[in-house]
Amino acid sequence: MDERVLGAGTSVRFAMLLFLLLAASGSMMLTVIIGLSDGDRAGCELAAGVDPDDSGFWGPAVSTTGQIHAFRYCESLWAPAPSWWQIAAWPALLAVSAALLFRLLPLWKARRGRVVPLEAADPDGELRPLLAELAATAGLSAMPRVVVDPAAGSTGAVVFGRTRRPVVCLDGGLLVTRHRDPVRFRTVLLHELAHIANRDITLTYATVAVWRVFLVLVLLPYLLLQGYWVHEALEAGNVPSLDRKVLLAAFMVALVHLARSDTLRSREVYADLTALRWGADPHGWAGDGPRDAAGPLRRALAPILEQWRTHPRLGLRQGALSDPAPLFRAASLPFFLTGAAAVLAAVHLLFHFAPYYIASSGVYLAASLVPAALVAGVAGIALWRAVAYAVLTGARVPSGIAAGAWMGAGMTAGTLLTGMGAGSAWLPERPYVLLLPVAVGAAFAWWITQCAHLWARTWRGRTLRPALLLGLGAVFLALASWFVWWQLGGAAYAGGYSMRAEGVAQWLVGRFPTTAPVRELVGAPGLTTLLPVLDTFGGTPLVALAATVLWVVPLAAWAVGPGTGALRWTPASAPVPVPAPVDPVPALRRVLLPGLLCGALACVALVAVQVYMHGGQPGPDARGGLYAVRYAGWTLLALAVPSALAATAAGVAAGRFGLIGCLVAAQTATLLGFAGTTALVSLDGCVEALSVFQDGCAWRPAWQVGLFPYVQLLNIASVVATLVAGAVAVGVAVVCRVRPPRSRVPRRAARPGGVAARAAVVRWRLVAGLLCTLAAGTSAIVGAVHLRVLSAVDLTVTQRVTTQLAGVPDRPVPAGTRVRQVHAWYHLSGDGLVELATTYTIRLNAALRGVRKGDSWDSLDRRLRPVCADWGRAEVFEMIWFRVPDRSAQADWHALGAWAGQGSRRCLQGLDARDVPAVMEALRELDAAGRCAATANARIDTVLREGGRAGTFRPPAKGITCNRLVQP
């Protein structure tokens, strides 16, 4: 069969390497620029309360993200991000330099003194007709330029330049042996011409050019900076530790070299097979490639050394000529390298977009799109090729689970090396979470192989490429959503993501408003662990669309129908048409019927939930909080249980297509159940026994009901249905493996049915089309709306949610660290705020001393109003700057803001109403704010003085204390 069926996939692998190098160039050079700047980001972290000795992830993340406004403000002053031209300069410089080197490489290889034109080595012109004949055999439109390297005694050749202007360089030894061994001469030339016909040259030398420029312009400055830091550590008397950045650079070098070598080895074998189709002798490569290892030690090391070579060993080349099966095998190393390269590229690109990783979900998604597309192309094409080869040769179709697990292991390795979720430690706080990418990679590969197998069995087009593109598109969307969730939620959970019960309760009150006390939600079982984790799924952009395409694409293959007769997409080079498999694809109704029935069951369960919730319906003011949470939880459970039942029934009926059968049935049941949920919530109140939130009958769209998180629940339900289907598929597969079905005589191909049978098939296809349209349209609209909401960085929401869930960081630290934190807080910008509060106090006292008996109200208003208005700014001191990293000083600082905000508002209101008692009370509150500012300043001075640091040393007057109890 044609080894190029569905494409070789090497071009996509080269594209991934090029993209990784471009993304890494921008990220690594930004590290150099930031490292050489005079920024004090470490000071901002100290001011935020970060313990520099805390090597974890979650503690520093809470301190900075929980004060994100102040952190961004501090960075803008003391560690500003590089300007846009610095961010764009290095990738542009790398691209321009690589393009220039790409142009110069052919000139250098064909320089005078090294090679001579063919005419100089063949003055009689004997070779020209032979070369023209071979070029015509290769189907080349023009004869390539041919040169000779007379100093080379080997019997090989090489092609360089670019695809449209190739240059073939013949070794001098090859010309010497052309009369003695014409078979080898012809074979070698056909091999080099095959590289031209296969369009190998441009991508190969473009990668070489980018890689060499990367080594000089990016990697060298990066390592020099790391060496400078090591030198500084040695001068300071410290022992430098192995830095993650150095290890990351070394891993990048090894990854690119291994991936490039693997791709080049594949292209060499493809060129051999192409030349073989053109009539080359299979024994003509007897002298090419490294020989197989002879000794026992060399044979043991041969598999490792083989991965570093750019040319395959002789045994592999000769074996592929007789059986191209290795070209269709999903090998472990390429999948591992693909997973690692995807994570590295995504992290490098994210750092390029947001130099300090402060970004919205939309930015995370943008940084994941290209890596997801490249992974889908590399892994997807490889697995589709493996499935197509198995179908065409009658071999066992691989599951892809092992290859996918290796890809997930690469993702885990990339996560560890980039430090996502681990901080400065080598392992995150919960290292077992790093097994999740391995499971996800295996699940993706399992889905790809089953989807490819289904399309290969049902597709009746003359080429399988349309089905391939459809499947790769589904994988692309799913991988993009996975990368976003892993960077936002999964890595954070691995790094110690934890929540306080009180914080979750406050978060729920913000999501489901209620007048009930917060302590009502604290003891609710499962809320502190289950709901926030599920909410990360609901907050991931396009997650519903990604979950939808994973079952809509296989359903479309089932709807196409298995057809009859031989496969039409069989390559023309196949000797005989491949007959249809004996074991037929399960009928469409066998996977749709369980989903439809369980969807109806889900609607019944949802009605039961409405009746149950109505039985405990509180008053109109108390229908939020735990009541709304219970309703959302019961709704999700009423959708999940029927989807599990549908997945079980379909998984047993689908046989070898168990995973996608479970997905189709589970998601069908969830889709119908959620349609019922939409109708029940939209018409809530029209049937008294089913009313939950409303008392009157009216059409209120479910997506506009404030207490019902429609978009988040749709996302979560889609993800839960996907997870349930996957778990059921694994269970069914394990049971079938432990208890294999009894052997039975293969069934004969079903005869074409009558009119009723054909009408039933048409009806089921119509149902499938309606389900696909409804699911894709709904999820696409919801995803677009959700993405628009999440496209901007809402710092206030991020800060509030982090503070609510994780609390205010106040961890015990050594006394010396506490002094450094307070010193950074004070000298970076805190001193200005203290001075401002002191100025407000002085101005208020001056205004009060200037008041005389008999002054008019207008005169009093002119004196006090500016001061009262200015005091209102002190209310946001805690928003624009960090909390004081000292518990006592922070308590006074917080009271300062509370008294100032309350007193300012009451003062302005009293002046507007000409209410003297109200104004007097407000002035007392502003005086209390000034007292708290003085005591906070005194505490800061005490901490700095005891630590040997310089402060303001202005202790408050005797008897001044801060009243921390602010009256409402």
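Modeller: Let us begin with a single residue, bearing in mind that this is a predicted model. Cysteine 697 has a relative accessible area of 55%, and because exposed means over 50%, cysteine 697 counts as exposed.

Colleague: To which cysteine is cysteine 697 joined?

Modeller: The general idea is that a disulfide is a covalent bond between the sulfur atoms of two cysteines. In this structure, cysteine 697 is joined in this way to cysteine 686, with an S to S distance of 2.0 Å. The torsion about the S-S bond of this pair is about 80°, so the disulfide is right-handed. Cysteine 686 and cysteine 697 are 11 residues apart, and each lies in the loop between helix 25 (658-682) and helix 26 (710-738). Cysteine 686 is partly exposed, at a relative accessible area of 32%.

Colleague: How many disulfides does a search of the whole structure find, and what is their pairing along the chain?

Modeller: The search finds four, and when the bonded cysteines are numbered in sequence order, they pair 1-2, 3-4, 5-6 and 7-8. One of them links cysteine 44 and cysteine 74, whose sulfur atoms are 2.0 Å apart. Here the torsion about the S-S bond is about -85°, so this disulfide is left-handed. Because cysteine 44 belongs to helix 2 and cysteine 74 to helix 4 (residues 68-78), the pair ties together parts that are 30 residues apart in sequence. Cysteine 44 is buried, with 0% relative accessibility, and cysteine 74 is likewise buried at 0%.

Colleague: What is the handedness of the disulfide between cysteine 868 and cysteine 907?

Modeller: That disulfide, with its sulfur atoms 1.9 Å apart, has a torsion of about 55° and so is right-handed. Cysteine 868 sits in helix 30 and cysteine 907 in helix 32 (residues 887-913), so the pair ties together parts that are 39 residues apart in sequence. Both of these cysteines are buried.

Colleague: Now to charged residues: how many salt bridges does the structure hold?

Modeller: In general, side chains of opposite charge can pair when their charged atoms come close. This structure holds 18 salt bridges, and one of them joins arginine 41 to glutamate 45, at 3.1 Å from N to O. Both residues lie in helix 2 (residues 41-47), where they are four residues apart, or about one turn of the helix. An α-helix has 3.6 residues a turn, so residues three or four places apart point the same way.

Colleague: Are aspartate 262 and arginine 265 buried or exposed?

Modeller: Both are buried, and their side chains meet in a salt bridge of 3.3 Å, N to O. Aspartate 262 and arginine 265 are three residues apart in helix 11 (residues 244-277), so about one helical turn separates them. These two residues also belong, with Arg13, to a network of salt bridges.

Colleague: Which residue forms a salt bridge with arginine 843?

Modeller: The partner is aspartate 870, and the closest N and O atoms are 2.5 Å apart. Arginine 843 lies in helix 29 (residues 815-849) and aspartate 870 in helix 30 (residues 857-871), so the pair ties together parts that are 27 residues apart in sequence. Arginine 843 is partly exposed at 30% relative accessible area, whereas aspartate 870 is buried at 14%.

Note on methods
Residues are numbered from 1 along each chain as its sequence is written. This is a predicted model: local features need pLDDT of at least 70, side-chain atom pairs count only at pLDDT 80 or more; totals for chains, interfaces and linings use all residues. Side-chain values use heavy atoms; hydrogens and water are left out. A salt bridge is a side-chain nitrogen of Lys or Arg within 4 Å of a carboxyl oxygen of Asp or Glu. Helices (H or I, at least four residues) and strands (E, at least two) are DSSP runs, numbered from the N terminus. Buried means under 20% relative accessible area, exposed over 50%, partly exposed in between (1.4 Å probe, protein chains only). A disulfide is a pair of cysteine sulfur atoms within 2.5 Å.
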